[in-house]
Amino acid sequence: MLQLKKDSKNEIFHHLGQAVKKGGFYLKGYWVWDNTVIKGDDGKYHLFSSCYSDTIVFHPGWMVSAEIIHAVADKPEGPFRFVNKALKTRGAQYWDGRSVFNPQIFKHNGKYYMFYVGSTHPFEDPKRGELTLDSKWCIVGRSNKRVGLAVSNSLDGPWKRMDKPILETEPNTFYSFLTSNPTMVINKDGSVLMIFKARSYEGTKYSDMSLGVAYAKNIFGPYKVLNNKQPVFSAKLTGELEDPFLWKDSKGYHVVFKDHKAKYTGELGGGVSATSINGTDWKMDSDAKAYSKTIQWDDSTIEKRGQLERPFILFENNKPRCMYFSTMDGKGGFENGTSSGIVAIPFVK
């Protein structure tokens with residue numbers, strides 16, 4: 001892995017440093033997943049993540065009982081300390097009432113905007129052992145996943161949520177079943193370009209994952225799906241790609257995501273990157289491997305993580321400062337992990 005990084009022409013992979021073993025964020029008694037970090041006016045680094053009790057299974061526990069939490073650190077690599085719950089579950093009657101996750105935070109014109117995913121279901125809380133992918137909680141919770149938005153004057157909240165999702169499903173499209181995993185760029189004029197994950201109905205089942213692009217002239221929407229309502233990364237053509245993170249610089253738009261089936265990196269769950277001039281026509285980078293599930297810690301030990309997902313890059317002065325991942329121990333597969341959290345990997349020159 002070290003030689004791969006040294007020889008890589010990928011700007012992300014080549015410059016990723018050592019993971020900080022005593023950094024990141026973990027919370028005893030909880031599964032922790034998802035990560036977005038922003039530097040506050042207080043000079044501190046604010047992490048927003050999702051969590052839920054580890055008394056239920058990790059997967060698909062996030063789908064039915066997650067809440068979004070807020071943690072703070074003095075340095076970008078952490079360690080982060082828990083501050084509060086930013087978005088809580090709020091009851092089955094709300095579209096996002098039973099689970100909220102996948103946050104991404106922005107500051108624009110003095111306000112903070114949190115894009116996230118919410119879901120609801122009308123059932124009692126599942127007991128240990130009841131929650132499976134085929135259970136009623138998962139079937140309904142998954143199909144109700146939608147992209148939402150909350151706004152606040154402060155990173156400490158309170159956060160005002162929208163009454164409805166900002167990106168709904170639409171019949172006879174690649175996003176007829178769900179919308180999820182949003183990542184976006186907010187332009188200076190307040191317009192938004194968003195990449196999102198979607199599944200479509202295939203009869204009464206759901207399809208593999210595809211990625212689409214939506215655009216809005218205003219942060220609050222309405223959001224219009226571009227590319228003639230066709231995916232920009234189709235599961236049938238490009239293979240399944242997940243957990244996109246989008247940013248923009250003078251060269252255009254860039255995205256890094258998980259190579260779910262190892263189509264581009266040769267590593268199941270490794271990272272792959274792509275570039276676009278307009279946000280809809282994408283090309284995989286020539287040396288596309290952007291990260292590996294095998295990492296080097298800052299004590300020089302090397303470890304292959306069971307899971308390494310949800311990539312997020314913190315930029316400072318238009319340069320990448322630190323990359324964050326949701327991670328799990330074990331030999332791979334959510335069912336084999338005993339703990340999860342956020343790992344921070346600084347960039348080196």
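In this predicted model, the second largest pocket is lined by 34 residues, and those nearest its centre are Glu242, Lys258, His260, Glu309 and Phe334. The space in this pocket comes to about 700 Å³. Several elements give two or more residues to its lining, namely S1, H3, strand S5 (99–108), strand S9 (178–186), strand S10 (192–199), S15 and S21. Of these, S21 gives the most, with 4 residues. Sorted by class, the lining holds 14 charged, 11 nonpolar and 9 polar residues.

Helix H3, one of the elements that line the second largest pocket, spans residues 58–65. Because 6 of its 8 residues are buried, H3 is largely enclosed by the rest of the structure. The buried residues are Phe58, Pro60, Gly61, Trp62, Met63 and Val64.

Attention now turns to the nonpolar interior. In soluble globular proteins, nonpolar side chains tend to be buried together. The largest nonpolar core in the model has 34 residues, and Ile12, Phe25, Phe80, Met323 and Tyr324 have the most contacts inside it. Strands supply two or more residues each to this core: S1 (30–39), S2 (45–53), S3 (67–73), S15 (241–249), S18 (282–291), S21 (307–316), S22 (319–328) and S23 (340–346). A second, separate core has 22 residues, among them Phe115, Ile186, Ala198 and Ala214.

Beyond its neighbours within four places in sequence, Phe80 is in contact with Gly24, Phe25, Val37, Tyr45, His46, Leu47, Ala71, Val72, Ala73, Lys75 and Tyr324. Two of these partners, Phe25 and Tyr324, are themselves listed with Phe80 as having the most contacts inside the core.

Glu67 is found in strand S3, and its relative accessible area is 12%, so it counts as buried. Its side chain makes a polar contact of 2.6 Å with the side chain of Lys85, and also reaches the backbone nitrogen of Thr89 at 3.0 Å. Leaving out residues up to four places away in sequence, Glu67 touches Ser49, Ser50, Cys51, Lys85, Leu87, Lys88, Thr89 and Val100.

How values were computed
Residues numbered from 1 in each chain as written. Predicted model: local features only at pLDDT ≥ 70, side-chain atom pairs only at ≥ 80, totals over all residues. Heavy atoms only, no water. Buried < 20%, exposed > 50% of the residue type's maximum accessible area, 1.4 Å probe, protein only. Core = buried A, V, L, I, M, F, W, Y, C linked by side-chain atoms within 4.5 Å. Contact = heavy atoms within 4.5 Å. 1 Å grid on protein atoms, 1.4 Å probe; cavity = no way out; pocket = protein on both sides within 12 Å on 5 of 7 lines; lining within 4 Å. Points joined across faces, edges and corners; volume = space filled by probe spheres on them. Nonpolar A, V, L, I, M, F, W, Y, C, P; charged D, E, K, R; others polar. Polar contact = N/O pair within 3.5 Å; in protein donor to acceptor, adjacent residues only side chain to side chain.
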